[in-house]
Each structure stands twice: as structure tokens, then as C-alpha cells.
Amino acid sequence: MKMIHYQFILLAALTIFHMSANSAASPLPSTAREFLESHNQARASVGVEPLTWSEQLANTTSKLVRYQRDRMSCQFANLTAGKYGANQLWARGETVTPRLVVDEWVKQKQFYNHSDNSCVPNHRCGVYTQVVWKKSLQLGCAQTLCAKEQASLTICFYYPPGNYVGESPY
């Protein structure tokens, strides 16, 4: 009888510990999870470790997309002087999910030649190489709807940044 009682208490304690441990790590919002999963699928396909979600980067991108919406008529942001790697997508007249955004960037894979680390002439592949940049470890993204323009703007930041000329992404 004592053995059954002890096992029951141990099982109850483990269950409580497991439940509290899971609730301590709050789950990501579905949008963040979709951005992260889409990026990490593309990265896994070329053998690159997954990114982790950064609330700091997500907050920074959120402020930037709101600024672009409210002050810049939803135009592309100037991302050249930032301390993060970045991708952005502007889309008009359609619902843009995080997966669709990342899929759009990953489409550039067809123009990337890994053997000589170059893009096919007359094509771009920089947004793809940022998605799979091996040294980038954290991701934060945000989207905004621009009602007046009937468009959306999505920006993702990566840390550490990538896309250094002459350096292979993976």
C-alpha cells in the first residue's frame, strides 16, 4: 500500500512540474510560429540550424512597419544602415500570410548557385540567402495592412545579420 501511495505522489509531482514548466515558456503567437516554421523549413532543406524567435527583433520590426504605414505611405523601409539582416515584402490586393511571405523569398533559391556562391545573371537571390544565412540565429518579423494603399508590408529582421559579399550563406 505504501508503494502505490508513493508512486501516486511521485506521478502527481511530476505532472505538476511538467505543467508548470510548460506554462512558464509561453507559446509563440500563431503568426510568429508560422514565420519561424517557414524559415526553419527552408533552412533545414540546406542543412542549416533553425532560428529562434526574438521578441526584441519582433518589437523592432513592429515599430518599423507601423512607421512605414503611418508616415511613409507603406513604402519599403530603408534597411541599408541597420544593425540587423533584413527582408521585406510589399504586396497589394491579397491576404499575405507569414508562410506566403517566406515562400516568396525562398522562390529566389532557383536563382542561387551554391557551388560558386552567386546569383544567376539578371536575377536576385539576396532575400533567399538571408533566410538561410547560417550565422543568423534569431528572427523577428511584423506585418501591417495599409488600407489606403490596399497593400501589406512585411519586414523580418535577422541577428546576427548576413548577406556579406563573398561569404557563402551555408
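Select cysteine 141 and cysteine 156 to begin: the link between them is right-handed, with 110 degrees about the S-S bond. This pair joins distant parts of the chain, since cysteine 141 belongs to strand E5 and cysteine 156 to strand E6 (residues 151-159), 15 residues apart. Helices (H or I, at least four residues) and strands (E, at least two) are DSSP runs, numbered from the N terminus. The model is predicted, with local features requiring pLDDT of at least 70 and side-chain atom pairs counting only at pLDDT 80 or more, while totals for chains, interfaces and linings use all residues. Residues are numbered from 1 along each chain as its sequence is written, and side-chain values use heavy atoms, with hydrogens and water left out.

Remain at this pair. The S to S distance of cysteine 141 and cysteine 156 is 2.0 Å; a disulfide is defined as a pair of cysteine sulfur atoms within 2.5 Å. Cysteine 141 is buried, at a relative accessible area of 7%, and cysteine 156 is buried at 0%. Buried denotes under 20% relative accessible area, exposed over 50%, and partly exposed the range in between (1.4 Å probe, protein chains only).

Next, select cysteine 74 and cysteine 146. Their sulfur atoms are 1.6 Å apart and form a disulfide. The link is right-handed, with 45 degrees about the S-S bond.

Now display the bonded cysteines together. The count comes to three disulfides. When the bonded cysteines of the protein are numbered in sequence order, the pairing reads 1-5, 2-3, 4-6.

Finally, select Tyr84, Phe157 and Tyr159, which ring pairs link into a cluster. Rings of Phe, Tyr and Trp (its six-membered ring) pair if their centres lie within 6.5 Å; planes under 30 degrees apart count as stacked, over 60 as edge-to-face and the rest as tilted. By this rule there are five aromatic pairs.
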